[in-house]
Amino acid sequence: IDGRMTYHKFRYPLQHITGRIVITDQEAVVESLTGFGRNGMKVEMQGHIAPVGREAQVDLSLYSANLAIDEPLMNALEPHRRRVIEQFFNQPSYHRLLDLGVLRNKTDEAPKNPDAPGPPVFVLGGTARVSVRLHRPPGPDRKYLTYINVDPTGLSAVMRGWPYPVTATEGAISVSPEGATIQGLHLKGPTGARAIVDGRFEPDVKDGKLKPDIRLHDVTMPLDELLIATLPDKQASWMHTLGVEGSATAEARVTRDEDGIAFAATGRIVSGSLNPFSGPIRFEPLTGAFELTRSSLKITDVRASHAEVQLAANIESQWTKDKPPSVNAMLDLTQMRLRPQLLEVMPEQLPVREQLATLLKRYDLTATLDAQVQLTLASDGAIKQTATLRPAAMNLTYHGTPIAIRDMHGSAILAGNRLELSGLGGDFGDMQLD
């Protein structure tokens, strides 16, 4: 034969079909059919239908070495299967990344400056090696069962839930009436991310929705503009404000509960830097640990330095669907030099910034000190801060007279608009000042 075909259980249009079908009064045998879909995709089919009639047992096998993830394929899928595929090849999420300029399509103009290569090229979709088995048990009113095996090597995806672009380099995906299984799926990102995925999707006994139990491991992730673009707006603004760069390693698990998709990730920042507010001070190397869930983020054991200054921090943030994130942070800085440039790493709306600016200007003040800052950012945007300063040495000008104080003890506590001195003193020339 040489013709066209669309099978009613899988309405993918095939043309230029050649092959052999043997039909008798007892059975139909598809010995070999080869057809072509859009863009030259080749499909091979074999199968057996017997006995001929409404109660026939059906076994059909299809294979393609270059099945394209395109609109004809999506239209051929049953609605619930199409929804699953659209979670992984999500066009709106992909085009958002293109619009933000962190990716470019292969049709976009290449950068003219070789020293500034621009965003990486990433094309959603691609082709995969796919085998499909359609089976219908014999008898009246029996349902068709679909079994699919996919070698996704070369497929590029952007998920709806977390739109980070990845391309499969090896692995296997199998789909059956009982669910779906992912085995050894190796993924890479366009700027160097790596991950391995294993897990399973099973229908929930309560509502029939697919319930994932997915594990991501051996994850390495650049902390770059592409990652920031995939985060919610609030969290993305924090990353930009802090000037975070570097890389992280992680492990994660994705499941589903009564509130929807749930995930838990743990990892470490293995190398990086902080450049708050793009100011003159950069803290590096940056290390730390993090725990991320659907509604919280904990960053602990943060360590970084700038010149003699050592930074340690612990940060916790929580949010819900209806409430923006709140943040609690504890920062410890040792051997810090209090000078005007330091103010450029503080938010303008932080009360302590204005207070320190006034002190520095009024008294031409410089100091070496340790500081502990407790910062709370409420979900409504309100900021509370308490800064405990423990100076070791101080230089200031008082009524035109320069004053140098050494071997200091005690503390100064800034809380809101209140300054509290506690046992503050030191050596002032030949005198002890308390």
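This tour of a predicted model visits a buried serine, two cis peptide bonds and two histidines with positive phi.

Begin by selecting Ser296, which lies in strand 16, the element covering residues 296-306. With a relative accessibility of 16%, Ser296 falls under the 20% limit and is therefore counted as buried. Show its side chain together with that of Thr293, and a polar contact of 2.8 Å between the two side chains comes into view. If the neighbours within four places in sequence are set aside, the residues in contact with Ser296 are Glu291, Ser317, Gln318 and Trp319.

Next, select Glu284 and Pro285, where the peptide bond joining them is cis, with omega near -5°. Pro285 belongs to the loop that runs between strand 14 (260-273) and strand 15 (287-293). Then move to Ala50 and Pro51, whose peptide bond is likewise cis, here with omega near -10°; Pro51 sits in the loop between strand 4 (42-50) and strand 5 (57-68).

The last stops concern backbone angles. His16 has a relative accessibility of 51% and, because the limit for exposed residues is over 50%, it counts as exposed.

Finally, go to His399, in the loop between strand 20 (383-398) and strand 21 (401-415). Phi of His399 is also near 50°, again a positive value outside glycine, and the residue is exposed, with a relative accessible area of 71%.

Notes:
Residues numbered from 1 in each chain as written. Predicted model: local features only at pLDDT ≥ 70, side-chain atom pairs only at ≥ 80, totals over all residues. Heavy atoms only, no water. Helix = DSSP H or I, 4+ residues; strand = E, 2+ residues; numbered from the N terminus. Buried < 20%, exposed > 50% of the residue type's maximum accessible area, 1.4 Å probe, protein only. Polar contact = N/O pair within 3.5 Å; in protein donor to acceptor, adjacent residues only side chain to side chain. Contact = heavy atoms within 4.5 Å.
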